[in-house]
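Visitor: I would like to go through the terms used for this model one at a time. Please set each value against its cut-off before drawing a conclusion.

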Amino acid sequence: MGSIGSIDVQELTISEYHDALRERRTTCAEVLTAYLDRISRYNSLLKALITVSKDALDVARQKDQETEALLQRHGKDHAFPPLHGVPVILKDTYSTIDMPTTSGVKALHSLQTKADAFVITKLRRAGAIILGKANLHELSLEGVTVSSLGGQTRNPYDLSRTPGGSSGGTAAALAANLALVGCGGDTMNSLRSPASACSIVGFRPTRGQISRRGIIPVTETQDVAGPMARTVQDVRVLFDVMKGEDEGDEATIDCRRDATERDSGTGGSRRRIGVLRSFFADDNDTEGSIVNQRVLNALDKARANLQVELVTLCRESAHWDVPALISSADMQAYEFRSVFDTFLRSPLIASTPHESLDSIVASGEYLQEAVTPALYRTLQKDGPYSMQSPEYESRLATIAALKKSVEKCFEEHQLDALVYPHQRQLVASIGSMVQPQRNGILAALTGRPAICLPAGFSPHAESATLGVPIGLELMGKPWQDDDLLDLAEQLERGIQGRRPPDLPI
């Protein structure tokens, strides 16, 4: 299923799609219809999407008129706008004027905005078709993608497991070829965790590369928006459209944006990657040893095929212990209520049943077992959980020290990137409300770019005919996102770790 004309929407890339449009082998409407057919067939099983756009097919027909006009005016060698006719899935935190924006919460099922989020305006101008909104973990607060509005999203590779999260609906949809590319968000792991679990690519850009205005937030310090796709090249195309300054998001106004050029690795030079051994699982952990071996095997394949030098780091991370960083530096409990309430009360909102997080909790229309303690801590009126407390200042100091420590490591070892498994165990089974053993917080706190690539699969199991996907994470240098994407493309070619899921016909 998925063939139209002489192309197949399964594993379709943007460049292949545009080539087919130029050669008149397909149309935007045909491709969109094929995706809608797959959504009709598989979404009730996967619960990946909350909302499908009612206007998407009409927009696709308009794009076909634009295609024909461009071809007649310029010929088939003319480049289309970068996202011309490209169906995009959004995590349901991105404001869209034509669909509700809910964060997966039943209490916000009817929230409407007066305009698109800043980055959605950029996507539409680049030719994108917004196909739908994806399920996510309730309020983006954990990593198993279950919500009061969307239910439990299932992993396309193993229906007994979750798809990671919180951007798990987007990842499951892309893994199952329900759209061409997608957008997610990341406070601690949320672009890379579902990429790891669903054999796709998830890219957390440098904080400030992409505007967050009009996206339902969790924190000011850690939140980023970012692209997701089945290939690094498609992630790059989407990132190039999404990035840019926005006066409505101060983090994007940074002189380093234009000052930083691509690093020395873009030629044929050898790249130095630090293998962060302390972020691998313990060797006596059976499941963790499977993850370790797949990631190390992937690195061996990359080293054999590419100009890559691996440097094993054993003592670099005394201050990078993940549980310690979560307990001493994570900002969710301190910033969530403030940024969330600011969003609900912003001029962007056309109508909302609730104007505060307190009101949502009082309504009971949320999945209580799915939220983390950060929700209840952030609602405390007295105590440490505010942006005015000494504890908050202490966390800012911890983050500043962490940034210096990571920078020192990169300089001393002359590294282009660090590498490690995104998570030290296989993705959690359905029924669990937490996804432990994830390594995403290092990039989240330092604001550095990080990308998760498919590294392979666990052994075949009865519930997972291909095995369970395992992801490899690369973390690079601030504002050198293009350099990290170059390196990721090299590793992707060497590893070739993605496989589409074996879904029922």
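Guide: What follows is a set of questions on cysteines, helices, cores and a few single residues, asked of a predicted model.

Visitor: How many disulfides does the structure hold?

Guide: The structure holds zero disulfides. C28 is in none, and its nearest cysteine sulfur, that of C183, is 18 Å away. A disulfide needs two cysteine sulfur atoms within 2.5 Å.

Visitor: What makes C28 buried or exposed?

Guide: C28 has 1% relative accessibility. Buried means under 20%, so C28 counts as buried.

Visitor: And what about C314, buried or exposed?

Guide: C314 has a relative accessible area of 56%. Exposed means over 50%, so C314 is exposed.

Visitor: Which residues of helix α1 are buried, and what covers them?

Guide: In α1, residues 14-22, the buried ones are I14, Y17, H18, A20, L21 and R22. Their cover includes the strands β2, β4 and β9 and the helices α2, α3 and α7. Just after α1, R24 takes a positive phi of about 55°.

Visitor: Why are α2 and α3 called roughly antiparallel?

Guide: The two helices pack at an angle of about 155°, with their axes 7 Å apart. Angles over 145 degrees count as roughly antiparallel, and therefore α2 is roughly antiparallel to α3. On the α2 side the contact is made by C28, A29, L32 and T33. On the α3 side it is made by A56, L57, A60, R61, K63, D64 and T67.

Visitor: What is in the largest nonpolar core?

Guide: The largest nonpolar core has 133 residues, and those with the most contacts inside it are L123, L472, L474 and L491. Helix α2 gives the most to this core, with nine residues. Apart from it lies another core, of 20 residues, among them A107, L139, F336 and I349.

Visitor: Which residues does L474 touch, beyond those up to four places away in sequence?

Guide: L474 touches I273, A417, L418, V419, P449, A450, I451, L453, L484, L487, A488 and L491.

Visitor: How do you know whether K133 is buried or exposed?

Guide: K133 lies in strand β6, residues 129-134. Its relative accessible area is 0%. The limit for buried is under 20%, so K133 is buried.

Guide: A polar contact of 3.2 Å joins them. The cut-off for a polar contact is 3.5 Å, so a pair at 3.2 Å falls within it.

Visitor: Why is T153 called buried?

Guide: T153 is found in the loop between β8 and α5. With a relative accessible area of 0%, against a limit of under 20%, T153 is therefore buried. Its side chain reaches the backbone oxygen of K47 at 2.7 Å. Among the residues that T153 touches are L46, N135, T145, R161 and A172.

Visitor: Where is Q496, and is it buried or exposed?

Guide: Q496 is found in the segment after α16. It has a positive phi of about 50° and is not a glycine. Its relative accessibility is 57%; exposed means over 50%, so Q496 counts as exposed.

Visitor: Which peptide bond is cis?

Guide: The bond that joins G165 and S166 is cis, with omega at about 15°. S166 is in the loop between β8 and α5.

Visitor: Why is S328 called partly exposed?

Guide: S328 has its place in helix α10, residues 322-329. Its relative accessible area is 29%. Buried is under 20% and exposed is over 50%, so a value of 29% makes S328 partly exposed. A polar atom of the S328 side chain lies 2.7 Å from the backbone oxygen of A324. Leaving aside neighbours within four places in sequence, S328 is in contact with R395 and T398.

Note on methods
Residues numbered from 1 in each chain as written. Predicted model: local features only at pLDDT ≥ 70, side-chain atom pairs only at ≥ 80, totals over all residues. Heavy atoms only, no water. Buried < 20%, exposed > 50% of the residue type's maximum accessible area, 1.4 Å probe, protein only. Helix = DSSP H or I, 4+ residues; strand = E, 2+ residues; numbered from the N terminus. Contact = heavy atoms within 4.5 Å. Polar contact = N/O pair within 3.5 Å; in protein donor to acceptor, adjacent residues only side chain to side chain. Core = buried A, V, L, I, M, F, W, Y, C linked by side-chain atoms within 4.5 Å. Axes fitted to C-alpha atoms, helices over the stretch in contact; angles between N-to-C directions. Parallel < 35°, antiparallel > 145°, perpendicular 65-115°, else oblique.
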